[in-house]
Amino acid sequence: MDSSILGATLMDGGCRFALWAPRATRVELALVNPDRTQRNHDMVRNPDGVWVVHVPGVEPEQLYGYRVEGPWDPDRGMRFNPAKLLLDPYARAITAGVDYSGPILDHTAESNYIPDPTDSSDSVPLSVVVRDTPAPTPLLRRRPLAESVVYEMHVAGYTRLHPEVPEHLRGTYAGLAYPAVIDHLVSLGVTAVELLPVHHFVSEPFIIRKGLSNYWGYNTLGFFAPHAAYCSVGTMGEQVEEFKHMVSALHEAGIEVILDVVYNHTGEGGHEGPTLSFRGIDHEGYYRLTQDLRNDYDVTGCGNSVDTSHPGVLNMVIDSLRYWVTEMGVDGFRFDLATTLIRDENHHVDQEHEFKRRVANDPVFDDIKMIAEPWDMGPYGYQVGAWGRGWSEWNDRYRGFMRDYWRGATQGVRELAARLSGSPDIFDNDGRPTSASINFITAHDGFTMRDLVTYDMKHNEDNGEQNHDGSDDNRSWNHGWEGETTDPTINALRRRQVRNMMATLLLSYGVPMITAGDEMGRTQRGNNNAYCQDSPLSWVHWDTREEWADVLETTKDILALRAEHPVLRRTHYRYHREVLSAAGLPTGRIDLTWMSGNGGQMGADDWNDPTRHHLGMYMSGREHAFLVWFHNGPDPVRVQLPQAEQWGLGYELVLDTASGRPEESLRYSPGAFVELPERSVSIMRVLLSGTDGADEQTGEIPLSRLKQVIGQQR
């Protein structure tokens, strides 16, 4: 099948329309006028199951849909009903919404699957013919993932309340491209934005009945069309141009664009859901069905599962990915419930699936970031660590452990070292780099970082499901009071804990992913499943920046350190290798090792101590080295810095999460005793030579500047 011709293509004084519908017996193109009247054109079937027609005189902004005829035989997976006007799966733009009270079902519910003859054209979205426009400005250089700092954000919610964005641009692609917004991202140190779904999506009927809407967007209806509601000026193709302008603005600032894409299911839901596109074109082709072919085989928890074992459906997914790279300028993808995409015709998980082969062998994707959410809801769906070279994965074990560590629910520090060093127990196989691990503590799904330290329990009453929705495994700690409080002691500790989690995230090997607004105290008031809350509950509140300036500045400071020093963002896994000088001589230092706080490295007894709360992470390169202390204990702890000068000639405190940046240089000599504040992260720069802060004449570090400090507080 030549999938390159699919969709609507302006050519030869008109437009060619092509639709893949291999089991249909007749297909009509319906050209729709603004008043919803229609002009229908019969299409011709090619041998490969693609139906084609060229219509002279068609111009951009023409509305259209398809009527597809064939057998009505649900027991064989065929539900053709020409009364239902269908979206083009390859539509580049979609306009209008779904009238859920209209005749959008392909059958009459009370008649045991008798096809409904009522025309749906007044109740469904329409495809739009789109003019060709230039691709966005390319990046000067796509960063390797090891250099990346990913920022997960919602296109609309990020700017709804932004005071510097003009009101008419808030909540749109143009709003995200506004200079004040990009300035914040650049000053923060973000290198890539990961946009929650921007493929055109619809709300589920049960959400609409509650008077709510699908806010996150994980309910795709058009895999080639940017979501129309995020456009500031129109929905007749303008959304394509505005999206491209947004990408150009981000690229010009050096920021990559990663899309969170939902190819695992569609907005048509389960077999009792509406017929809007795929189901009416080829129900058995597009969707995984049970053995009797009557019901959906659902491994997504969303009613249906897209069947990428079918070559025509797999072509659509690959074509969509290629389109967003070549025409829309994006730089990477995060695949929602990615395991669904690698199930075979028997629904079994196959890590050698043709989907992965196609991605690996297509030069269009050579420098494109591929990130898997490595699980789905089906049998053997949890595939963390199994995706192999060329893929990065959301590391939920990192998320769970780091939440537990900072709330004091772990024993010892053995797993802490594994998570800090890029989770080699999970990802160090098949020659994979540390960037295989996408580290995160929060994401769109779950508590914000502020809510992690404010609530022990979820508070999802606004979702209309009696607080039954959302996870109960939050691993959060309210620090003695459920919800917001005016108690200054509790608030100070909560803020320090947010700084601790942010610092830990940014100092771990792997790729850090920050959830938008965590750096300035965003809260959802304890709602850990705000998927249906398109309201201030979910939006980013910019008026908290001053109040949460300490967290914002900590984030900026550590990201600046990370950008400046490659030793803090290593690509390859390290296993206690000696660092060589530029001349190839041994230095005595180890590239990555762990310090006990007793003047040297961790020993067996230290690793096996379940009461241990603190750990020193020593990272060294040829020119720079750092020693970072992590301490989750409720009391200060006195540690001794490494005694041997092989590790460093001194140590300079750069930042700690208890007090921030020191106002004056605090330096310590080898073997000095230092008090680590309770529940804190302390970053020390290792002085490697006499030129590190040395006297310009002698090259020596004065003893007065290498202060041996015991419990010195600022």
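What volume does the second largest pocket have? The second largest pocket has a volume of about 650 Å³, and the largest pocket one of about 1200 Å³. A pocket here is an open set of points on a 1 Å grid over the protein atoms alone, where a 1.4 Å probe fits and protein lies on both sides within 12 Å along at least five of seven lines, and lining residues have an atom within 4 Å of a point. Grid points are joined across faces, edges and corners, and a volume is the space filled by probe spheres set on the points.

This is a predicted model, in which local features need pLDDT of at least 70 and side-chain atom pairs count only at pLDDT 80 or more, while totals for chains, interfaces and linings use all residues. Residues are numbered from 1 along each chain as its sequence is written, and side-chain values use heavy atoms, without hydrogens and water.

The protein averages a pLDDT (the predictor's confidence in each residue, from 0 to 100) of 94, and 96% of the residues score at least 70. Over residues 693-714, however, the pLDDT is below 50, although this stretch has 46 contacts (heavy atoms within 4.5 Å) beyond near neighbours in sequence. Where pLDDT is low, the predicted coordinates should not be read in detail.

Of the 43 residues lining the largest pocket, Trp216, Met377, His444, Asp445 and Asn529 are the closest to its centre. Helix α8 supplies the largest share of this lining, four residues; helices (H or I, at least four residues) and strands (E, at least two) are DSSP runs, numbered from the N terminus. The second largest pocket is lined by 32 residues, with Met370, Gly388, Arg389, Gly390 and Trp391 nearest its centre. Both α7 (354-361) and β20 (369-372) supply at least two residues of that lining, and α7 gives the most, with four residues.

Elsewhere, His184, Ser187 and Leu188 in α2 meet Leu552, Thr555, Lys556 and Leu559 in α13.
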